[in-house]
Amino acid sequence: MAVPSSVRIYEVGPRDGLQNEARPLATETKLQYISLLAAAGLTEIEATSFVSPKAIPQLADADALMAGLRRDSSTRYPVLVPNERGMARAEAAGADALAVFTAASDAFTQANIGMTIDESLDSFRPVLLRATELGWWKRAYVSTAFGCPFTGRVEVGKVIEVGLRLLDIGADEICFGDTIGVAVPSQVHELTNAATDAGMALDQLAYHFHDTRGTALANVVAGMEDGIGCFDSSTGGTGGCPYAPGAAGNLATEDLVYLLDGMGIEHGVKLGAVLEAARFIAGALGKPLASKVGQAGGWDATTGARTGI
């Protein structure tokens with residue numbers, strides 16, 4: 001399979017990147033962050049989550065954030081929706097794209113959302129049905145696709161089963177997540193091949209890699225070698241999962257952009273502008289910028305100079 005000539009970068013920083021942070025951010029700060037991401041050329045930005053504020057207090061301002069979001073037709077702003085209550089809030093807030101979230105491990109779904117996998121799918125069914133009626137775009141996450149922090153290895157067949165069931169109840173795209181960052185490229189090939197063998201189309205698939213053990217970019221390349229054309233990332237490498245012990249940050253958007261630029265793969269995102277957004281959010285969180293390209297900058301092959309510093 002040839003590597004795609006273009007790739008979609010699905011930015012999760014405002015939602016997944018912030019949900020596990022101890023320092024709360026003002027809604028205006030989040031809106032400024034999202035504005036910087038859009039200015040960098042990112043056209044899919046997961047803006048927030050309509051979960052219970054008690055569960056994820058960092059995203060308790062979802063309604064206010066959506067009200068303040070300056071939207072245009074060129075950018076999609078999906079929101080995470082856990083149930084019908086969340087769907088009602090998202091609809092009232094003017095959302096037009098969503099994501100639902102389950103896993104391939106019952107132990108993880110119990111810890112994360114207090115349900116079994118079957119119960120989570122039952123909960124998502126009316127959400128996806130309503131979103132379909134409204135003409136929304138619908139993504140579904142299958143977390144712990146490579147390993148669970150509570151039970152260890154997850155069988156590929158279970159991952160595929162959950163993905164197929166999500167497509168059956170209305171999801172447009174399935175995103176397989178390496179929640180605790182244990183995957184290696186051979187496992188990415190195995191899962192992609194199993195998905196397509198089961199009848200999933202490549203354009204229905206995406207990957208969400210955590211860089212916990214330094215394998216995220218290698219896994220992206222493996223996915224591209226199989227024809228996958230969408231990958232999640234978080235500007236600044238922020239994020240993790242509050243219910244997955246040891247889960248470090250997401251793949252940094254700036255590191256992904258640098259890789260794609262070097263490989264000559266189109267993606268529409270400006271590295272210098274992404275670095276500006278990364279430094280902004282790192283400063284807002286009071287943290288140093290930990291991503292590789294955030295520290296080293298880009299590189300001009302014609303002059304040998306560092307860029308974006």
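**Pockets, a cavity and a buried aspartate**

Author: This is a predicted model.

Reader: How many residues line the second largest pocket, and which lie nearest its centre?

Author: There are 22 lining residues, and Gly236, Gly237, Thr238, Ala290 and Ser291 are the ones nearest the centre. The volume of this pocket is about 330 Å³. By residue class, the lining splits into ten nonpolar, seven polar and five charged.

Reader: What is the volume of the largest cavity, and which residues line it?

Author: The largest cavity has a volume of about 50 Å³. Its lining consists of Leu18, Glu21, Arg23, Pro24, Leu25, Lys30, Gln58 and Leu285. Four of these lining residues are nonpolar, one is polar and three are charged.

Reader: Let us turn to strands. How are the two faces of a strand read?

Author: In a regular strand the side chains alternate between the two faces of the sheet.

Reader: Which residues of S9 lie on each side, and are they buried or exposed?

Author: Leu205, Tyr207 and Phe209 lie on one side, with Ala206 and His208 on the other, and all are buried.

Reader: How many bridges join S8 to S9, and do the strands run parallel or antiparallel?

Author: Strand S8, residues 173-178, is joined to S9 by five bridges, and the two run parallel. In one of the pairings, Phe176 has Tyr207 of S9 as its bridge partner.

Reader: Now a single side chain. Where is Asp232 found, and why does Asp232 count as buried?

Author: Asp232 belongs to strand S10, residues 230-233. Asp232 counts as buried because its relative accessibility is 2%, and the cut-off for buried is under 20%.

Reader: What does the Asp232 side chain meet there?

Author: The side chains of Asp232 and His208 are joined by a polar contact of 2.8 Å. His208 is also one of the buried residues of S9. Beyond neighbours within four places in sequence, Asp232 is in contact with Tyr10, Val12, Arg139, Tyr141, Cys175, Tyr207, His208 and Leu251.

Note on methods: Residues numbered from 1 in each chain as written. Predicted model: local features only at pLDDT ≥ 70, side-chain atom pairs only at ≥ 80, totals over all residues. Heavy atoms only, no water. 1 Å grid on protein atoms, 1.4 Å probe; cavity = no way out; pocket = protein on both sides within 12 Å on 5 of 7 lines; lining within 4 Å. Points joined across faces, edges and corners; volume = space filled by probe spheres on them. Nonpolar A, V, L, I, M, F, W, Y, C, P; charged D, E, K, R; others polar. Helix = DSSP H or I, 4+ residues; strand = E, 2+ residues; numbered from the N terminus. Buried < 20%, exposed > 50% of the residue type's maximum accessible area, 1.4 Å probe, protein only. Polar contact = N/O pair within 3.5 Å; in protein donor to acceptor, adjacent residues only side chain to side chain. Contact = heavy atoms within 4.5 Å. Pairing = 2+ DSSP bridges.
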